[in-house]
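This briefing covers a sheet, a pocket and some aromatic side chains. Please look through the sequence and the model before reading on.

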Amino acid sequence: SENLVYGDTDGNIGEYSVGLSPVRKNWTGLLPVPGDGRFEWSDFIPYEQLPHSFNPSTGFIVTANHKMIPPNYPYNVGFEWAAPYRFKRITGLVEKARDSKTKLTARDLGKIQSDVDSEPARQLVSLLRENPKGQDPYTRLLTTWNYSLDRESPAAALYELWVQELTKAFIDVAVPQKARAAITDLPLPLLIRRLEKPAAEVFGNNPTQARDTLLLDSLHAAARRLSNLEGNDPAKWSWGTLHTARFRHSLDQQSGAADLLDLGPLPRPGDETTVNATGYNGDSFAQTSGASYREILDTANWDESLAINTPGQSGQPGSPHYSDLMNVWDAGEYFPLVYSKEAVQRETASTLELLP
C-alpha cells in the first residue's frame, strides 16, 4: 500500500492510503493460524473506507511513513510505522511559513527535503543538560550543539554513537538477562519516554539519579569509541566520516569490477529520523535507506517542477550520465523536471533515435 498525495486543477488537495487490505473477521494477521478455513480473508476494505483526507483545515498534507490511520479506525491495516519525527519536522516548517504568510517556492521545499534537524537529539540532550554532574567536555559538546546532523559535525558523530551506547545500557538495566539476547534494539520514541520518566522498577530507589548516571556513562562510552574511530581530538570528529553512501553495481563481486563500476563513498548527513532520511544499520554506519529520487511538482506550472535522481540517468559505466547526478543529489540540488514540449526541447542535450 502507498500514501498518495494529490492536487487537482481546481485547487483541491487530498491524500489516500491505497492498496488491497484484507478484512480478517477474527484475527489480526500478526501471528500464524491454522489453515483449516476458520481464518480466511472475508473481503478487502472498500476503497472509500481506506484512510484519506480532502482539503484539510490545516491547508496542507504531510506524509512521512508515519501512522496515517485516524483514531478508532475499524480495520487492522498495519501495526508498524516510522516514528513521527520527520512528519512533525515537516509540519512545523510548513506551519511556520503559513503562519508568517511566507510563500514557499519549489526551492524552499527542496531545502525542507534536505533538512537534517534532529528532534530526538533535542529531547535526549535536554535530559543531559539537566544533569547536575554533566560538566565534562563531551556533555558541553552536545549541550552547545544546534541539533543538526551535518556531515561535518563532531557533535552529530558523538550523538549517533551515544544513542547506540545508551540503548544498550538501558536494555541491560531494563530487560531481564535471559531475554537480552532477543532484544538488541529499542524504538527511539520508547527509549526516550522511559528516560524522561525513569521508573523505580527499572532504575531502583533513586530513579532520576540512576538515570542521570546512565546518561553520562553511556556518553563517555560513546566518546571512547569515537576516539578509537576518529582520533582523540573532538574538533576533528565528523559524522560524515562514519556515515557514508556507496553505490554498488550488480557485478561488483567480479574481480576488479568494484573499482570500475562502484561509486562513492560519499560523506552523508542525517539519519533515519531526519527529513532527509539516511538510515543505517549497526556499527558500519553506511547509509542503507533513504530517498534516491526526489521531486517537487508545481501543479500551477508543471514546467517549474524539479527532480533529482542518483547516481545518474544511465546504467552504462563510461557514459557521462552514469554518475553525473550523484554529487548534485548529495548536495540537495535538483534538475528541471519539465513537461511541455517547448520546455523539453529547450532543455534537450541529445536525442537518441531508434530505427528498425
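**A sheet, a pocket and aromatic rings**

Arg-294 stands opposite Ile-308 in strand E9. The model is predicted: local features need pLDDT of at least 70, side-chain atom pairs count only at pLDDT 80 or more, and totals for chains, interfaces and linings use all residues. Residues are numbered from 1 along each chain as its sequence is written, and side-chain values use heavy atoms, with hydrogens and water left out.

**Sheet**

- E8, E9 and E10 form an open sheet of three strands in the order E8-E9-E10, with antiparallel pairing. Strands (E, at least two residues) and helices (H or I, at least four) are DSSP runs, numbered from the N terminus.
- Strand E8 (294–296) pairs with strand E9 (residues 306–308) over three bridges in the antiparallel sense; two strands pair if DSSP finds at least two bridges between them.
- E8 and E10 stand at the edges with a single partner strand each, so one side of each has no neighbour in the sheet.

**Second largest pocket**

- The second largest pocket holds about 380 Å³ of space. A pocket is an open set of points on a 1 Å grid over the protein atoms alone, where a 1.4 Å probe fits, with protein on both sides within 12 Å along at least five of seven lines; lining residues have an atom within 4 Å of a point. The volume is the space filled by probe spheres set on the points, which are joined across faces, edges and corners.
- Its lining has 13 residues, and Gln-313, Phe-335, Pro-336, Glu-347 and Ala-349 lie nearest the centre.
- Strand E10 (335–336) and helix H12 (341–347) each supply at least two residues of this lining.

**Aromatic rings**

- There are 13 aromatic pairs in the structure. Rings of Phe, Tyr and Trp (its six-membered ring) pair if their centres lie within 6.5 Å; planes under 30 degrees apart count as stacked, over 60 as edge-to-face and the rest as tilted.
- Tyr-73 and Tyr-75 have ring centres 5.7 Å apart and planes at 65°, so this pair is edge-to-face.
- The rings of Phe-170 and Phe-203 form a tilted pair, because their planes are at 50°, with the centres 6.1 Å apart. This pair links distant parts of the chain, 33 residues apart: Phe-170 is in helix H5 (residues 154–174) and Phe-203 in helix H7 (residues 200–203).
- Trp-145, Tyr-147 and Tyr-159 form one aromatic cluster.
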